[in-house]
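Hello,

Here is the structure I promised to pass on. Please look it over first; my notes follow below.

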Amino acid sequence: MRWSYRIVTILGTEIRIHVTFLFLVAWYAIVAGQAGGRDAAVATAVFVLLVFLCILLHEFGHILAARRYGIRTPEVLLSPIGGLARLERLPEEPRQELIVALAGPLVTLVIAAALGAWLQVTGRGHELHLLRPGSGGLVSDLFRVNVFLLAFNLIPAFPMDGGRVLRALLAKKIGLVRGTRIAARVGQFFAFILGMIGLTGAPMLIIIAGFIYIAAEGEAQAVETRVAGQGITASAVMITDLRLLPVYATLEDAVRLLLAGEQREFPVVDNDQRLEGLLTRDHLIRGLSEHGPATIVSQVMASPVQSIGPGASFDHALHQLRTSGLPALPVVDEARRVVGLITTDNIADLILVRRHMPAPS
């Protein structure tokens, strides 16, 4: 996701932080500082960070449960709506997703129970008031927050855990794609209600609602893309009628190819058609602006670039395309000669065709 930055890697999972998360911490610290001074601002910032530590532990509940089924989690994103763990693939069965979805709330339940037990053991059981925020100390406030996080996450609105539970139950009855789309619509409806409440004077609710709405739509599209690509290799979705640029070509040559057809990304190759880089339309326009049309394409192209073989799975091709940060992914043979190109438009066409094809008998 844009505007996110890696802060640490734990057990092979990147922990990324969204810039709006920092705004959230700053917002609460500023409000507390205006009311109680510097000490209150620091205490509030520490409290918010501890809350997100609890959220991170919640996400590792999902991560460890997913690993039970051989599913890795490349990254976790900390944002104003909490943590979002990105699984490398969906669980194969609805029952597995049900277990993965419930593992996070189970961790939150354990945290809340442990904090509540600590308050009881230390003779502070009177601080266990769910409806009196700030009436006790740090531990009691963390207890209350974890209880509310547990309840919030179990709301059947995608992409919260309750929404994933709903998706798993729906997928068992009506299929993964339709189940995801319905769960996403429920989540977006909840986001709309939350946003309306935020307009009454709670701007952070508007931000949270926005994240929920976007995450729900993104998850629905991601699932539809994965399902559309099941059983397909890169060779089935790649463009084979494409123009290549030699490394000694100029930007003026690239302009002619750009204007002559619909191709927007051009693999750059050596004399033996082996991949050297990729010239995108953005590279071309920037190169023309900064260096002029006589510039050699190798001076402005993206290099080195990721590539895949024609026998690679669609899921692997999609992952490579997304991680490359480029709008196209070259397909090469064993000698690294370019044999095709996969673009985001290819994938969109694939989804469109699969959506309107009759289901196999």
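**Helices H1 and H2**

H1 and helix H2 (residues 38-67) pack with their axes 7 Å apart, at an angle of about 150°. Axes here are lines fitted to C-alpha atoms, for helices over the stretch in contact, and angles run from 0 to 180 degrees between N-to-C directions. Helices (H or I, at least four residues) and strands (E, at least two) are DSSP runs, numbered from the N terminus.

This is a predicted model, so local features need pLDDT of at least 70 and side-chain atom pairs count only at pLDDT 80 or more, while totals for chains, interfaces and linings use all residues. Residues are numbered from 1 along each chain as its sequence is written, and side-chain values use heavy atoms, with hydrogens and water left out.

H1 and H2 cross in the right-handed sense. A crossing is right-handed if the near helix is turned clockwise from the far one by less than a right angle, and left-handed if anticlockwise. On the H1 side the contact includes Phe 21, Leu 24 and Tyr 28; on the H2 side it includes Val 48, Leu 49 and Phe 52. Contact means heavy atoms within 4.5 Å. The contact has twelve nonpolar, three polar and one charged residue. Ala, Val, Leu, Ile, Met, Phe, Trp, Tyr, Cys and Pro count as nonpolar, Asp, Glu, Lys and Arg as charged, and the others, Gly among them, as polar.

**The four-stranded sheet**

H1 (residues 19-36) also lies across E1, E2 and E3, at about 55° to E2. These strands belong to an open sheet of four, in the order E1-E2-E3-E4, with mixed pairing. Two strands pair if DSSP finds at least two bridges between them. Strand E1 (4-10) and strand E4 (82-86) are at the edges with a single partner strand each, so one side of each has no neighbour in the sheet. Neighbouring strands are turned by 25° against each other on average, direction ignored.

E1 and E2 run antiparallel, joined by six bridges. Ser 4 has His 18 in E2 as its bridge partner. Two residues lie between the strands of this hairpin, where Leu 11 takes a positive phi near 50°. Strand E2 (residues 13-18) and strand E3 (residues 75-79) pair in the parallel sense over four bridges. There, Ile 17 is partnered by Leu 78 in E3.

**Helices H3 and H4**

Helix H3 (residues 94-121) and helix H4 (residues 138-153) have axes that come within 9 Å and cross at roughly 150°. That makes H3 roughly antiparallel to H4 (an angle over 145 degrees). The crossing is left-handed. Among the residues that meet are Leu 109 and Trp 118 in H3, and Phe 143 and Leu 150 in H4. By class, the contact has 13 nonpolar, four polar and no charged residues.

**One aromatic pair**

How many aromatic pairs does a search of the whole structure find? One. Rings of Phe, Tyr and Trp (its six-membered ring) pair if their centres lie within 6.5 Å; planes under 30 degrees apart count as stacked, over 60 as edge-to-face and the rest as tilted. The rings of Phe 152 and Phe 190 have centres 6.1 Å apart and planes at 55°, so this pair is tilted. Phe 152 is in helix H4 and Phe 190 in helix H6 (residues 176-198), 38 residues apart.

Best wishes

How values were computed. Parallel < 35°, antiparallel > 145°, perpendicular 65-115°, else oblique.
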